[in-house]
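Subject: Structure for you to look through

Dear colleague,

I am passing on the structure we talked about, together with my notes. Please read them with the model open beside you.

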Amino acid sequence: QVQLVESGGGLVQPGGSLRLSCVASRNIVSSYNMGWYRQAPGRQRELVARIISGGSTYYADLVKGRFTISRDNAKNTVYLQMNSLKPEDTAVYYCNAKNPWNLRADYWGQGTQVTVSS
């Protein structure tokens with residue numbers, strides 16, 4: 001079992017920045033595929049950014065150029081740096097971890113609220 005704890009959410013004005021953190025209970029960040037998802041009221045959960053164990057990254061078109069996903073293996077933590085935030089970025093952001101060697105291992109955090117408003 002893997003537990004994921006997100007933090008760093010809050011209220012920010014349009015154009016501002018936030019950095020989200022996801023700490024894993026096991027030393028898995030370096031070897032698992034890690035991703036950030038978000039879900040706004042009345043909308044489906046969507047993939048925002050992903051980093052695989054080999055280091056390759058993916059970004060959704062709506063956040064490309066503004067968001068950056070990274071990891072610190074020593075701290076067993078994955079980050080999402082969010083710049084130039086827009087009101088439409090408002091959502092609950094979730095951390096996800098998947099073991100590429102065990103397809104049944106798929107873990108989610110509880111989520112952290114991000115609100116972009118003036």
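The notes below go from the whole chain to the sheet, the disulfide, the hairpins and a few single residues.

Please keep in mind that this is a predicted model, in which local features need pLDDT of at least 70 and side-chain atom pairs count only at pLDDT 80 or more, whereas totals for chains, interfaces and linings use all residues. Residues are numbered from 1 along each chain as its sequence is written, and side-chain values use heavy atoms, with hydrogens and water left out.

**The chain as a whole**

The protein chain has 11 strands and zero helices, where helices (H or I, at least four residues) and strands (E, at least two) are DSSP runs numbered from the N terminus. With 118 residues, a compact globule would have a radius of gyration near 13 Å, and the 14 Å of the protein chain agrees with that; the radius is taken over C-alpha atoms, and the globule rule is 2.2 Å times the number of residues to the power 0.38. Along the principal axes, the C-alpha atoms fill a box of roughly 45 × 25 × 25 Å.

Buried residues account for 42% of the 118 residues, with buried meaning under 20% relative accessible area, exposed over 50%, and partly exposed in between (1.4 Å probe, protein chains only). The accessible surface of the protein chain is about 6600 Å², and 45% of it belongs to carbon and sulfur atoms; these areas come from the Shrake-Rupley method with a 1.4 Å probe, and for residues only the protein chains shown count as cover. Of the contacts (heavy atoms within 4.5 Å) between residues at least 6 apart in sequence, 54% join residues at least 24 apart.

**The four-stranded sheet**

Four strands form an open sheet in the order S1-S3-S8-S7, with antiparallel pairing; two strands count as paired if DSSP finds at least two bridges between them. Its edge strands are S1 (4-7) and S7 (67-72), each of which pairs on one side only. On average, and with direction ignored, neighbouring strands of this sheet are turned by 15 degrees against each other, the axes being lines fitted to C-alpha atoms (for helices over the stretch in contact) and the angles running from 0 to 180 degrees between N-to-C directions. Within the sheet, strand S3 (residues 18-24) pairs with strand S8 (residues 77-82) in the antiparallel sense over six bridges, and Arg19 has Gln81 in S8 as its bridge partner.

**The disulfide**

One disulfide is counted, by the rule that the two cysteine sulfur atoms lie within 2.5 Å. This disulfide joins Cys22 to Cys95, with an S to S distance of 2.1 Å. Cys22 is in strand S3 and Cys95 in strand S9 (residues 91-98), so that the pair, 73 residues apart, links distant parts of the chain. The torsion about the S-S bond is about -80 degrees, and the disulfide is therefore left-handed. Both cysteines are buried.

**The hairpins**

Strand S4 (residues 33-39) and strand S5 (residues 46-51) pair in the antiparallel sense over five bridges, with Trp36 standing opposite Ala49 in S5. Their hairpin has six residues between the strands, among them Gly42, which takes a positive phi near 75 degrees. S5 is also joined by three bridges to strand S6 (residues 57-59), again running antiparallel, and Arg50 has Tyr58 in S6 as its bridge partner. In the hairpin of S5 and S6, with five residues between the strands, Gly55 takes a positive phi near 110 degrees.

**Single residues in loops**

Most residues other than glycine have a negative phi. Ser84, in the loop between S8 and S9, has a positive phi of about 50 degrees although it is not a glycine, and at 42% relative accessibility Ser84 counts as partly exposed.

Gly109 lies in the loop between strand S10 (106-108) and strand S11 (112-116) and counts as buried at 8% relative accessibility. Leaving aside its neighbours within four places in sequence, Gly109 is in contact with Leu4, Glu6, Tyr94 and Cys95.
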